[in-house]
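Trainee: I have a new model on screen. Please walk me through how to read it.

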Amino acid sequence: MDTSKPQPFPAEIPFLHDLGVEFIRMEDGEAEVALSLSERHMNSWNVAHGGIIMTLLDVAMSMAGRSLDPDARGGVTIEMKTSFLQPGGHPGGRIIARGKAFHRARTICFCEGEVWNDDKLAAKAIGTFKYLKRLDVAKKLEHE
């Protein structure tokens with residue numbers, strides 16, 4: 001599979017669409033997303049904002065876990081720790097986030113992720129995600 005070409009996201013997530021996040025792949029406990037950086041993604045030092053980096057990590061890790069169970073369409077982040085290693089990129093650059101699931105139970109998945117700015121590792125993360133069946137989520141929301 002050519003991982004440089006964006007594909008349609010498996011689910012509509014308006015926030016990611018607004019940011020311009022590109023879905024690359026999601027299979028076998030791994031996922032990859034990318035973002036072409038513009039001025040609106042920068043912080044006051046003119047480098048990618050930490051919130052952008054964390055969003056990409058969150059999405060890549062969550063999707064990596066979801067790829068192991070096709071019925072787990074809804075999920076929430078329970079915990080996420082991120083280490084920023086160096087600036088995440090400048091306007092005109094493109095960053096890539098890769099997620100990998102390393103342990104999966106029935107409803108919980110533990111994942112790790114990385115954001116790359118060209119050949120430089122910009123950030124690493126570890127996260128815990130709780131997955132629900134889409135029908136379970138809909139029923140729960142009806143009762144709230």
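Mentor: Start with contacts, meaning heavy atoms within 4.5 Å. Among contacts in the chain between residues at least 6 apart in sequence, 62% join residues at least 24 apart. The model is predicted: local features need pLDDT of at least 70, side-chain atom pairs count only at pLDDT 80 or more, and totals for chains, interfaces and linings use all residues. Residues are numbered from 1 along each chain as its sequence is written, and side-chain values use heavy atoms, without hydrogens and water.

Trainee: How many helices and strands does the chain have?

Mentor: Helices (H or I, at least four residues) and strands (E, at least two) are DSSP runs, numbered from the N terminus. This chain has three helices and six strands. Along the sequence they read α-β-β-α-β-β-β-β-α.

Trainee: Is threonine 128 buried or exposed?

Mentor: Buried means under 20% relative accessible area, exposed over 50%, partly exposed in between (1.4 Å probe, protein chains only). Threonine 128 has 11%, so it is buried. Its place is in strand β6, residues 120-132. Leaving out residues up to four places away in sequence, threonine 128 touches Val76, Thr77, Ile78, Glu79, Ile108, Cys109 and Phe110. Of the chain's 144 residues, 38% count as buried.

Trainee: Which value does phi take at aspartate 28?

Mentor: Phi is near 50° there, a positive value in a residue other than glycine. Aspartate 28 sits in the loop between β1 (22-27) and β2 (30-36). Its relative accessible area is 71%, so it is exposed.

Trainee: Where does aspartate 118 lie?

Mentor: In the loop between β5 (108-117) and β6. Phi of aspartate 118 is near 55°, again positive in a residue other than glycine. Aspartate 118 is exposed, at 64% relative accessible area.
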